[in-house]
Amino acid sequence: MESDNMERDNYILGMDIGGTKSAVLLARTGRKKTDGIEFLERCAVPTKGSWQEVLGILALRGGEMVKRHGILPDDCVIGISCGGPLDSGSGVILSPPNLPGWDEVPITEYMEQKLGMPARLKNDADACALAEWRYGAGQGCRHMIFLTFGTGLGAGLILNGRLYQGACGMAGEAGHIRLDQDGPVGYGKAGSFEGFCSGGGIAQLARRMAAEALKEGKNVSYSGKKGLDFITAKDVAEAAECGMEDALQVYGCSGRYFGRGLAVLIDILNPERIVVGSIFARSGKLMREEMEKELRKEALPESLAACTIVPAALGDRIGDYGAVVAALE
C-alpha cells in the first residue's frame with residue numbers, strides 16, 4: 001500500500017550523476033509504482049568542476065523545469081541516482097572512484113535547501129536494477145543482477161523479489177573484486193573487475209596492448225591522431241566493429257575477465273537473469289564469445305544453465321529511469 005506522501009508525488013525531478021556527464025529531468029508518474037513514467041523534459045550537463053559547481057547547475061536547471069511546468073514543490077520529489085559508495089539513508093555521497101573530490105557530499109540536504117522539495121538518494125546500480133526489473137529486461141524475475149558496465153562497474157541486486165542492499169547499504173560493489181594480480185586499475189585496485197570491465201578500464205587495457213604492439217613494430221588500428229594517451233573504449237569499439245584484429249583482441253580480453261567476474265556472481269547468488277547496461281548493451285557482441293568460454297570454464301554448470309545474460313532494455317534512457325525510481329523507493 002502506498003503512503004499518503006507517495007500518493008502526492010505525481011512529479012519527479014530526477015538527477016542522474018555520472019563520472020563524465022550528468023542529467024536533470026522532469027517526469028510524471030501515476031499514483032502506483034506499477035504505473036508508467038512520462039518524461040517531460042531533460043537537460044544534460046558535463047560533470048566538470050567541483051561538486052558544488054555541478055550540483056549548482058543541476059539545481060538551477062531543475063528549478064527552471066519545475067517553474068516552466070507550473071509545478072508546486074508539494075507535488076514534486078527529487079530522485080538522485082549516483083555511483084557509490086554512498087549512504088542512501090543519510091543522503092550522503094561518500095567517495096566514488098569516478099567522482100574525484102566528491103567526498104562526504106550532503107547531496108539530499110543540498111538539493112532540499114536549493115529547491116524546497118524532499119530529495120532521495122540511491123546508488124545508481126540499485127536504481128537502474130529496479131528500473132530494469134520494473135520496466136525493462138528484468139521483468140518477471142525474482143532473482144536478478146544488474147551491472148552498470150559504464151564509466152565504472154557496479155551491481156544492483158534483486159534477490160527474492162526485492163532490492164538487496166546489505167548491512168550498511170554497500171552490497172553490489174562488484175567492481176572492487178580483484179580478478180587478477182595485475183591489470184587495469186578500477187575502483188582503486190589493479191586487476192579489479194571494474195579495471196577490466198568499464199569504459200576507463202577498456203581504454204587502459206587498449207593502451208597497454210597498443211604499447212606492446214608498437215614495441216614489436218606492429219601498427220595499431222585504434223590509436224587515432226591524438227596518440228596512445230587519448231585512446232577511449234569508443235575508439236576501440238569502432239575499430240573492432242570494422243573487423244580490426246587488434247581491437248577485437250582488446251574486447252576479447254575484457255570479455256574473458258567479464259566472464260570470470262560473472263562466474264563469481266552466478267556461483268554465489270544463483271540469479272535467473274543478469275542484465276548489463278551501457279558498454280555491454282552497445283558492444284556485447286564483441287566480447288560475448290570469450291565471455292561464454294570463461295563462464296563454461298569457471299561457473300557451476302547447474303547455476304549457469306539457470307541464468308541468462310542479456311543487455312539492458314531501457315537503452316540510453318536507463319539513467320533517467322533510475323533517477324525516477326530513486327524517488328519512488
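Five strands make up an open sheet of mixed pairing, ordered β3-β2-β1-β4-β7, where strands, like helices, are DSSP runs numbered from the N terminus (E, at least two residues, for strands; H or I, at least four residues, for helices), and two strands pair if DSSP finds at least two bridges between them. The edges are taken by β3 (37–46) and β7 (119–123), each with a single partner strand, so one side of each has no neighbour in the sheet. From one strand to the next the twist averages 20°, with axes as lines fitted to C-alpha atoms, for helices over the stretch in contact, and angles running from 0 to 180 degrees between N-to-C directions.

This is a predicted model, in which local features need pLDDT of at least 70 and side-chain atom pairs count only at pLDDT 80 or more, while totals for chains, interfaces and linings use all residues. Residues are numbered from 1 along each chain as its sequence is written, and side-chain values use heavy atoms, with hydrogens and water left out.

**Confidence**

The mean pLDDT of the protein is 92, and 95% of its residues reach 70 or more, pLDDT being the predictor's confidence in each residue on a scale from 0 to 100. Over residues 1–9, however, pLDDT stays under 50, and for this stretch the model has 15 contacts beyond four places in sequence, a contact meaning heavy atoms within 4.5 Å. Where pLDDT is low, the predicted coordinates should not be read in detail.

Helix α2 (residues 51–68) lies across β1 (11–17), β2 (21–29), β3 and β4, and runs at about 25° to β2. Helix α12 (residues 318–328) lies across β1, β2, β3, β4 and β7, running at about 125° to β4.

Two backbone features fall in loops. Glycine 84 and proline 85 are joined by a cis peptide bond with omega of about 10°, and proline 85 is placed in the loop between β4 and β5 (86–87). Glutamate 104, in the loop between β6 (92–93) and α3, has phi near 55°, a positive value in a residue other than glycine.

**The sheet with β10 and β14 at its edges**

Another five strands form an open sheet, again with mixed pairing, in the order β10-β9-β8-β13-β14. Its edge strands, β10 (162–164) and β14 (308–311), each pair on one side only, and neighbouring strands are turned by 25° against each other on average, direction ignored. Strand β8 (residues 144–147) and strand β9 (residues 155–159) run antiparallel and are joined by four bridges; the bridge partner of phenylalanine 146 in β9 is glycine 156. Helix α4 (residues 124–135) lies across β8, β9, β10 and β13 (273–276), running at about 50° to β9.

**Helix packing**

| Helix pair | Angle | Axis separation |
|---|---|---|
| α7 (residues 233–241) and α8 (residues 245–269) | about 120° | 7 Å |
| α2 and α3 (residues 107–115) | about 40° | 10 Å |
| α4 and α12 | about 100° | 8 Å |

The angle makes α4 roughly perpendicular to α12, given that angles under 35 degrees count as roughly parallel, over 145 as roughly antiparallel, 65 to 115 as roughly perpendicular and the rest as oblique. On the α4 side the contact is made by Ala127, Cys128, Leu130, Ala131, Glu132, Arg134 and Tyr135, and on the α12 side by Ile318, Tyr321, Gly322, Val325 and Leu328. These residues divide into nine nonpolar, one polar and two charged, where Ala, Val, Leu, Ile, Met, Phe, Trp, Tyr, Cys and Pro count as nonpolar, Asp, Glu, Lys and Arg as charged, and the others, Gly among them, as polar.

By its angle, the pair α7 and α8 is therefore oblique, and α7 passes α8 in a left-handed crossing, which is the term if the near helix is turned anticlockwise from the far one by less than a right angle, clockwise being right-handed. Ala233, Val236, Ala237, Ala239 and Ala240 of α7 make the contact with Ala247, Leu248, Val250 and Tyr251 of α8, and by class this contact has nine nonpolar, no polar and no charged residues.

Helices α2 and α3 are likewise oblique to each other, but α2 passes α3 in a right-handed crossing. In this contact Trp51, Gln52, Leu55, Gly56, Leu58, Ala59 and Gly63 of α2 meet Ile107, Tyr110, Met111, Lys114 and Leu115 of α3, the residues dividing into eight nonpolar, three polar and one charged.
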